[in-house]
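Please read the following explanation alongside the sequence and the 3D view.

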Amino acid sequence: AIVVVTSKFPVSETSHNARLVKQIDEAMQTVEKQFDRKVKITDFGASLVSQTNSHQIKKDSLWALLLSLSFIVALLIYYYRNLKCILLIVCTISFGGLFALGYIVLFENPISIIAVGVASIIIGIAINYPIHLLSHFKRTSDKVQIIKDIVTPLLIGNITTVGAFLSLLFISSDAMRDLGLFAALLLVGTILFVLIFLPHLLGKRPEKWQEAQLSFRKVAEFHPENHPWLLVVILALTVVFFIGSSRTSFETNMHKINYMTDKQRAAFE
């Protein structure tokens, strides 16, 4: 026997369809129990797969955010070895995130969970702003001069990056639009904090500023132009990769793109 249940909500409305999926699952369990498990009921559908995708994305996004934050904080602790610097950087990023979420709640609520999950990438960009200011503060305690030195490059970099993320607003996908808006607002909130509030929180410059020498700093100081053979290798690989890029194709089968549990995949087959 086949029973077709149609939801009045579109597939994308996972919060509403979650109630329907739960009720169907409860009905299945009740019927199977009434017939002493001699009747087997299998459920499958776009709303069910969408619900599974939503749960998996939330879980993966949370793990990605926690892992990226842990790595970033560990690197900053190792490099600066100064609790105040770490707290200032955390406060800066937190302000940027709250600024973005606050704006969205007031004007664009609700927002896709994917947009918040990708914040693990945006944090890596936003964290550069307070690091720039703290690096200058290490050399001089003149805060006015520090602002004069960093305001132009920071603003130019911020405007170009924010503009790139705002271009996602022209895409028809709601998730991509949410991502572009959230990323842009996070970067705007971060730079506002760095240029307006952070200088007042620096306090006095420590007499002895301790910082670790990063071992991979040597990579940044490497000069490939002094090694002609390396340039030849890079040029050859560029040609190979350019020719190979023409064979790139995009996956159009949504059943392969979507995340499905083993039970759902068996039901689909």
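In this predicted model, the side chains of Glu 32 and Arg 37 form a salt bridge, with a nitrogen-to-oxygen distance of 3.2 Å. Side chains of opposite charge can pair when their charged atoms come close. The distance of 3.2 Å between Glu 32 and Arg 37 meets the criterion, because a side-chain nitrogen of Lys or Arg has to be within 4 Å of a carboxyl oxygen of Asp or Glu. The count by this rule is 1 salt bridge. Glu 32 is buried, since its relative accessibility is 12% and the limit for that class is under 20%.

The partner of Glu 32 in this salt bridge, Arg 37, sits in the loop between H1 and H2. Its backbone is worth a look: the phi of Arg 37 is near 65°, which is positive although the residue is not a glycine. Asp 36 also has a positive phi, about 55°, and is likewise not a glycine. Asp 36 belongs to the loop between helix H1 (14-34) and helix H2 (46-80). With 58% relative accessibility, Asp 36 is classed as exposed, because the threshold for that class is over 50%.

The next topic is the aromatic side chains. A pair of aromatic rings is described by the distance of the centres and the angle of the planes. Across the whole structure, 5 aromatic pairs are found. In one of them, the ring centres of Phe 95 and Phe 193 are 5.2 Å apart and the planes are at 40°, so this pair is tilted. Phe 193 is buried at a relative accessible area of 9%, whereas Phe 95 is partly exposed at 28%.

Phe 193 also pairs with Phe 197: the ring centres are 5.7 Å apart and the planes are at 40°, so this pair too is tilted. Why are Phe 193 and Phe 197 separated by about one helical turn? The reason is that they are 4 residues apart in helix H8. Phe 197 is partly exposed, with 39% relative accessibility. Ring pairs connect Phe 95, Phe 99, Phe 193 and Phe 197 into a cluster.

Turning to the cysteines, a disulfide is a covalent bond between the sulfur atoms of two cysteines. The count of disulfides is 0. Cys 85 is in no disulfide, and the nearest cysteine sulfur to its own, that of Cys 91, is 12 Å away. Cys 91 is in no disulfide either, its nearest cysteine sulfur being that of Cys 85 at 12 Å. That distance rules out a bond between the two under the criterion used, because the sulfur atoms would have to be within 2.5 Å. Cys 85 is buried, at 5% relative accessibility, while Cys 91 is partly exposed, at 42%.

The buried residues in H6 are Tyr 129, Pro 130, Leu 133, Leu 134 and Phe 137. Around the axis they cover an arc of only 125°, so they lie on the same side of H6.

Key
Residues are numbered from 1 along each chain as its sequence is written. This is a predicted model: local features need pLDDT of at least 70, side-chain atom pairs count only at pLDDT 80 or more; totals for chains, interfaces and linings use all residues. Side-chain values use heavy atoms; hydrogens and water are left out. Helices (H or I, at least four residues) and strands (E, at least two) are DSSP runs, numbered from the N terminus. Buried means under 20% relative accessible area, exposed over 50%, partly exposed in between (1.4 Å probe, protein chains only). The arc is that of the directions from the helix axis to the C-beta atoms. Rings of Phe, Tyr and Trp (its six-membered ring) pair if their centres lie within 6.5 Å; planes under 30 degrees apart count as stacked, over 60 as edge-to-face and the rest as tilted.
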